[in-house]
Amino acid sequence: MKKGILCVLGGVVLGAAVALLYAPESGTKTRRRIKRFVEDEKDRLMDVYEDVQDRLEDEAGKLKKRFRKG
């Protein structure tokens with residue numbers, strides 16, 4: 001599931017980057033837009049990663065408690 005989500009997100013990022021490269025703007029402006037886009041997506045992906053990591057740690061804690069009681 002996670003691998004599929006990452007593949008989709010990677011495809012979106014790649015598609016957006018290609019679209020920006022073919023946009024009718026100056027090279028400097030396009031590179032600036034690509035850089036900003038990549039930085040924003042990186043931040044967003046880090047947020048998703050941290051959220052998933054927190055959820056996994058919570059679930060691992062719950063499982064440890066269950067086995068200790070068990």
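The chain contains 2 helices and 0 strands; helices (H or I, at least four residues) and strands (E, at least two) are DSSP runs, numbered from the N terminus. The model is predicted: local features need pLDDT of at least 70, side-chain atom pairs count only at pLDDT 80 or more, and totals for chains, interfaces and linings use all residues. Residues are numbered from 1 along each chain as its sequence is written, and side-chain values use heavy atoms, with hydrogens and water left out.

**The whole chain**

Display the C-alpha trace first. Along its principal axes the trace spans about 65 × 20 × 5 Å. The radius of gyration of the chain is 19 Å, whereas a compact globule of 70 residues would have one near 11 Å; this radius is taken over C-alpha atoms, and the globule rule is 2.2 Å times the number of residues to the power 0.38. Of the 70 residues, 9% count as buried. Buried means under 20% relative accessible area, exposed over 50%, and partly exposed in between (1.4 Å probe, protein chains only).

**Helix H2**

Select residues 27–69 next. These 43 residues form helix H2, which reaches 63 Å from its first C-alpha to its last, close to the 63 Å expected at 1.5 Å a residue; the expected span is 1.5 Å times one less than the number of residues. Within H2, the buried residues are Thr30, Ile34 and Glu41.

**Salt bridges**

How many salt bridges does a search of the whole structure find? The search finds 3, a salt bridge being a side-chain nitrogen of Lys or Arg within 4 Å of a carboxyl oxygen of Asp or Glu.

Select Glu41 and Arg44, whose side chains meet in a salt bridge at 2.7 Å, N to O. The two residues are separated by about one helical turn because they are 3 residues apart in helix H2. Glu41 counts as buried because its relative accessibility is 14%, while Arg44, at 38%, counts as partly exposed.

Move to Asp51 and Arg55, where the closest N and O atoms of the salt bridge are 3.3 Å apart. Both residues lie in H2, 4 residues apart. Asp51 is partly exposed at 35% relative accessibility, and Arg55 is exposed at 55%.

Then select Glu59 and Lys62, whose salt bridge has its closest N and O atoms 3.5 Å apart. Both Glu59, at 42%, and Lys62, at 48%, are partly exposed.

**A last stop**

Finish at Asp54, also placed in helix H2. Asp54 and Lys3 are 51 residues apart in sequence and 18 Å apart in space, C-alpha to C-alpha.
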